[in-house]
Amino acid sequence: MATSSNVLSGNVPGRGPLVLVHGGAWDIPADETDAHLDGLERALRVARRAVERGADALSVAVEAVAALEDHPAFDAGRGAVLDRDGQPQLDAGVMDGPTLRWGGVAHVRRLKNPVRTARALVEADGQARLLVGEGAERFAAELGHPAVPPSALVVEREVERHARLAAHAAFHTSAAFSGAMDVPRGTVGCVARDPRGRLAAATSTGGAPFTRAGRVGDSSIPGAGYFADGFGAASATGWGEAILTTQLAARAVAAVGRGEPPAQAARDAVADLAERVRWPGAALATGGLIVAAADGTAGWAFSTPRMARGWWRPDESVWTGLDRPTSPSDEA
């Protein structure tokens, strides 16, 4: 059985306003690391400009995640993995800590930035918080959100991966999350704290590789792939079915509310994921979390070989990384 010793975690130095992002937790290949770091840096620059314009935490988180969706390195937006039919299917969700309002979209194929449509549901008439498929795309069209053909979200890297997976008749989606094959196992996400102390979280994904058409993972579901309240905010990445089972993001935020430091809360939640979820034929459930607290402290944890992550605070430079902490001060 896994323990917290199998989980890497770290503190984000400092307190106060913060933007913390992730680009998935998996065994990121060496030839894809530069692209992942570039995508994180671009997203943090976008978020920084939003903070400097005076945007609230929710707006900052959405802008950061939209930038990650636009970057082809990640399993989200353009760059998403493909389902068994060779098509992208995207999920996204956002939550505003001060109000507990949230919005999610799932199984969409034609939205350039599903996180923006999820955010619109936060501010809509309250008749729906989660929309799927055609209904979500029709709602986005009513708002004037850009629609694109599914082919615009597909990159050659994922076409080649899909062909490799299709050749394995017995491939099960969970194998991707056990490290059995070179396929993405992550999402993108952001937690933000603005200068007024408001918290928010946003998460977006291109789903699981070679999954069944219509599958919905954790990224559009509050408490699982994302959560924010007055105590903390979290965004998750990893095996969606396992994250849904343990309500990973809400579990970490609840621990922060009880007084645990964010890095410890993230570490314990990720360790608990592996301890409690192990399905037949699959290895221990793996994943990652980024977590911020109301006082501006923050941290991260992951149980995979690598996790793409980065952060920025006002008056500080952008930091990005993929591997285990490079200095003792970063370790929890």
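1. Helix H1 and its cover. The buried residues of H1 are covered by, among others, strand E2 (18-26), helix H2 (57-70), strand E12 (306-312) and strand E13 (319-321). The model is a predicted one, and the points below should be read as a description of that prediction.

2. The buried face of H1. Thr33, His36, Gly39, Leu40, Ala43, Leu44, Ala47, Ala50 and Val51 are the buried residues of H1. Viewed along the axis of H1, they fall within an arc of 130°, so they line one face of the helix. Asp34 and Glu52 are exposed, on the face of H1 turned away from its buried side.

3. Length and end of H1. H1 covers residues 33-52, and its 20 residues, at 1.5 Å a residue, should span 28 Å. The end C-alpha atoms of H1 lie 29 Å apart, in agreement with that expectation. Just after H1 comes Gly54, with a positive phi of about 90°.

4. Packing of H2 on H3. Helix H3 consists of residues 114-122, and its axis is 8 Å from that of H2, at a packing angle of about 155°. Because angles over 145 degrees count as roughly antiparallel, H2 is roughly antiparallel to H3. From H2, the residues in this contact are Leu58, Ser59, Val62, Glu63, Val65, Ala66 and Glu69. From H3, they are Pro114, Val115, Arg116, Arg119 and Val122.

5. Helix H4. In H4, residues 133-143, the buried positions are Gly133, Ala136, Glu137, Phe139 and Ala140. Seen down the axis of H4, these fall within an arc of 155°, so they line one face of the helix. Glu134, Arg138, Ala141 and Glu142 are exposed on the other side of H4. The cover over the buried residues of H4 includes strand E4 (101-108), H3 and strand E5 (130-132). After H4 comes Gly144, whose phi is positive, near 80°.

6. Ser220. This residue sits in the loop between E7 and E8. Its relative accessibility is 0%, so Ser220 counts as buried. Neighbours within four places in sequence aside, Ser220 contacts Asp91, Ala92, Gly93, Trp102, Gly104, Val105, Ala106, Leu130 and Tyr226.

7. Ile221. The loop between strand E7 (199-205) and strand E8 (226-228) also holds Ile221. Ile221 has 23% relative accessibility and therefore counts as partly exposed, whereas Ser220 counts as buried. Not counting residues up to four places away in sequence, Ile221 touches Leu130, Tyr226 and Leu244. Leu130 and Tyr226 are also among the contacts of Ser220. Asp91 lies 130 residues from Ile221 along the chain, and the C-alpha atoms of the two are separated by 9.1 Å.

8. Most residues other than glycine have a negative phi. Two residues are worth checking on this point. His107 has a phi near 55°, a positive value, and is located in strand E4. At 21% relative accessibility, His107 counts as partly exposed. Phe210 also has a positive phi, near 55°, and belongs to the loop between E7 and E8. Phe210, at 13% relative accessibility, counts as buried.

9. Arg309. This arginine is in strand E12, one of the elements that cover the buried residues of H1. Arg309 has 1% relative accessibility and so counts as buried. The C-alpha atoms of Arg309 and Leu289 are separated by 9.8 Å, and the two residues are 20 apart along the chain.

10. The chain as a whole. The protein chain has nine helices and 13 strands. It has 332 residues, of which 59% count as buried. Among contacts with a separation of 6 or more, 70% are between residues 24 or more positions apart. The chain exposes about 12,600 Å², and carbon and sulfur atoms supply 49% of that area.

Key:
Residues numbered from 1 in each chain as written. Predicted model: local features only at pLDDT ≥ 70, side-chain atom pairs only at ≥ 80, totals over all residues. Heavy atoms only, no water. Helix = DSSP H or I, 4+ residues; strand = E, 2+ residues; numbered from the N terminus. Expected span 1.5 Å × (residues − 1). Buried < 20%, exposed > 50% of the residue type's maximum accessible area, 1.4 Å probe, protein only. Arc of directions from axis to C-beta. Contact = heavy atoms within 4.5 Å. Areas by Shrake-Rupley, 256 points an atom, 1.4 Å probe, with all protein chains shown as cover. Axes fitted to C-alpha atoms, helices over the stretch in contact; angles between N-to-C directions. Parallel < 35°, antiparallel > 145°, perpendicular 65-115°, else oblique.
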